[in-house]
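Student: I have a model open and would like to learn how to read it. Could we go through a few features one by one?

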Amino acid sequence: MDLLGTLRDRLKIEGSVMFDVKVRPSAARTVIKGILADGTLKIDVAAVPEDGKANAELVRFLAEEFGVGKVNVEVVTGHTSSRKKIRIQLLPPCRQGWAQR
């Protein structure tokens with residue numbers, strides 16, 4: 001995925017990256033299925049959309065894909081929607097203010 005490589009590079013250079021995803025919960029396995037025309041990552045998620053399980057699986061998967069901890073991946077918007085805005089930071093959010101001092 002060329003977009004995924006670009007996002008990884010931006011994360012390394014800028015320290016954070018934000019992007020859109022469209023998830024399909026209850027899939028057989030968690031995998032990136034492609035890129036929509038508007039640049040949104042399409043991701044199948046192997047978890048049910050109940051009690052935050054699909055979001056937790058999405059966070060786990062993206063943390064693994066980007067080589068960061070789960071604490072570094074945040075669902076910014078779309079908690080109960082299939083379309084979400086994701087932020088990934090190299091430093092966990094609680095350390096951002098500390099690192100800028």
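Student: Is Asp20 buried, partly exposed or exposed, and why?

Tutor: Buried means under 20% relative accessible area, exposed means over 50%, and partly exposed lies in between (1.4 Å probe, protein chains only). Asp20 counts as partly exposed because its relative accessibility is 33%. Keep in mind that this is a predicted model, where local features need pLDDT of at least 70, side-chain atom pairs count only at pLDDT 80 or more, and totals for chains, interfaces and linings use all residues. Residues are numbered from 1 along each chain as its sequence is written, and side-chain values use heavy atoms, with hydrogens and water left out.

Student: Which residue does the side chain of Asp20 meet in a salt bridge?

Tutor: A salt bridge is a side-chain nitrogen of Lys or Arg within 4 Å of a carboxyl oxygen of Asp or Glu. Asp20 is bridged to Lys85, at 2.9 Å from N to O. This pair links distant parts of the chain, since Asp20 is in strand 1 and Lys85 in strand 5, 65 residues apart. Helices (H or I, at least four residues) and strands (E, at least two) are DSSP runs, numbered from the N terminus. Lys85 is partly exposed, because its relative accessible area is 27%.

Student: How many salt bridges does the structure hold?

Tutor: There are eight salt bridges. One of them joins Glu57 and Arg60, with the closest N and O atoms 2.8 Å apart. Both residues lie in helix 2, three residues apart, about one turn of the helix. Glu57 counts as buried because its relative accessibility is 16%, whereas Arg60, at 32%, is partly exposed. Together with Glu64, Glu57 and Arg60 form a network of salt bridges.

Student: Why does the length of helix 2 agree with what it should span?

Tutor: The expected span of a helix is 1.5 Å times one less than its number of residues. Helix 2 has 14 residues and should span 20 Å, and its end C-alpha atoms are 20 Å apart, so the two agree. Just after helix 2, Gly67 takes a positive phi of about 70°.

Student: What do the buried residues of helix 2 pack against?

Tutor: Contact means heavy atoms within 4.5 Å. The buried residues of helix 2, including Leu58, Phe61 and Leu62, pack against helix 1, strand 1, strand 2, strand 3, strand 4 and strand 5.
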